[in-house]
Amino acid sequence: MSDTVRYERDGALAVLTIDRAAAMNALDVPTKIALRDAVTTAAADPDVRAVLLTGAGDKAFCVGQDLKEHVGLLQRQRETGEGALRTVAEHYNPLVRALAGMRKPTVAAVNGIAAGAGASLAFACDFRLLADTAGFNTSFAGVALTADSGASWTLPRLVGHARATELLMLPRTVRADEALALGLATRVLPAAELAAAAHEFALTLANGPTVAYGAIKTSLAYAASHSLDELLDKEDELQTLAGNSADHTIAVDAFLAKEKPAFTGR
């Protein structure tokens, strides 16, 4: 991939690490390309059944756009007319589509501050495990920008429209304990325990009923913008899919035998 994004495998789990600790894991163009490609690769790989996303070091999960690079891009735009904000269409959008849309569980291990697009990436995951030293800051309005990387879609679904408006228009750092109370965090753990606990949590998901997990994600996303009648038809479709999976048969047989099912992800 890249020396700024590590892609590692532990069985069916893909672990993606943004590795620019000295820059608070800020996203310059090479890192955005590498991360986009890593997430897309994990999403398309049938042998990957869960994804764990984290940042290197203990200060930041990801502080979003590399503003030092951004200043240079804005200067080039003024001089040449070449758009500096094409990064949303070229990098952030496909990255978030792959992260939020993959039919397998995604976990963010938020080891430090997650700001701007970094916060958005965590919001796009299914689960967010936070170090007790971590926090979120949308930060966009602080530099006179609007939300990107899906935050306008994910944040209201996590905390409600009114609170999302507040957090986006009046950005501040939401510490781990408040994030848990608001529903932004799945769990908060001591910083020294986060990496191991998040890995174990994600590995459990990677060994779970992947078809069912994917159907649940699809159903929840569909429900957000469709009527009850439409949703019921979609649930019928998805339950047929899950019911015909090998893992459903394995689960039923294991239940009758009073054994723990060993899911295959199929």
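Rings of Phe, Tyr and Trp (its six-membered ring) count as a pair if their centres lie within 6.5 Å; planes under 30 degrees apart are stacked, over 60 edge-to-face, and the rest tilted. By that criterion, a search of the whole structure finds two aromatic pairs. The structure is a predicted model, in which local features need pLDDT of at least 70 and side-chain atom pairs count only at pLDDT 80 or more, while totals for chains, interfaces and linings use all residues. Residues are numbered from 1 along each chain as its sequence is written, and side-chain values use heavy atoms, with hydrogens and water left out.

**Aromatic pairs**

- Phe-123 and Phe-136 form a tilted pair, with 5.1 Å centre to centre and 50 degrees between the planes.
- Phe-123 belongs to helix α4 (residues 117–124) and Phe-136 to strand β8 (residues 135–137), so this pair ties together parts that are 13 residues apart in sequence. Helices (H or I, at least four residues) and strands (E, at least two) are DSSP runs, numbered from the N terminus.
- Both Phe-123 and Phe-136 are buried, where buried means under 20% relative accessible area, exposed over 50%, and partly exposed in between (1.4 Å probe, protein chains only).
- Phe-127 and Phe-201 form an edge-to-face pair, with 5.2 Å centre to centre and 75 degrees between the planes.
- Phe-127 lies in strand β7 (residues 127–131) and Phe-201 in helix α8 (residues 191–206), so the pair ties together parts that are 74 residues apart in sequence.
- Phe-127 is partly exposed, at a relative accessible area of 25%, whereas Phe-201 is buried, at 14%.

**Helix packing: α1 and α3**

- Helix α1 (residues 29–44) packs against helix α3 (residues 87–101) at an angle of about 30 degrees, with the axes 9 Å apart. Axes are lines fitted to C-alpha atoms, for helices over the stretch in contact, and angles run from 0 to 180 degrees between N-to-C directions.
- α1 and α3 are therefore roughly parallel to each other (under 35 degrees is roughly parallel, over 145 roughly antiparallel, 65 to 115 roughly perpendicular, and the rest oblique).
- The crossing of α1 and α3 is left-handed, that is, the near helix is turned anticlockwise from the far one by less than a right angle; clockwise would be right-handed.
- On the α1 side the contact (heavy atoms within 4.5 Å) includes Val-29, Ile-33 and Arg-36, and on the α3 side it includes Glu-90, Tyr-92 and Leu-95.
- The α1 and α3 contact has ten nonpolar, three polar and three charged residues. Ala, Val, Leu, Ile, Met, Phe, Trp, Tyr, Cys and Pro count as nonpolar, Asp, Glu, Lys and Arg as charged, and the others, Gly among them, as polar.

**Helix packing: α5 and α6**

- The axes of helix α5 (residues 151–159) and helix α6 (residues 161–169) come within 7 Å and cross at roughly 125 degrees.
- α5 and α6 are therefore oblique to each other, and their crossing is right-handed.
- Leu-155, Pro-156 and Val-159 of α5 meet His-161, Arg-163, Ala-164, Leu-167 and Leu-168 of α6.
- By class, the residues of this contact are six nonpolar, one polar and one charged.

- Asn-25, in the loop between β2 (13–18) and α1, has a positive phi near 55 degrees. Asn-25 is buried, with a relative accessible area of 0%.
- Ala-144, in the loop between β8 and α5, has a positive phi of about 60 degrees. Ala-144 is exposed, with a relative accessible area of 71%.
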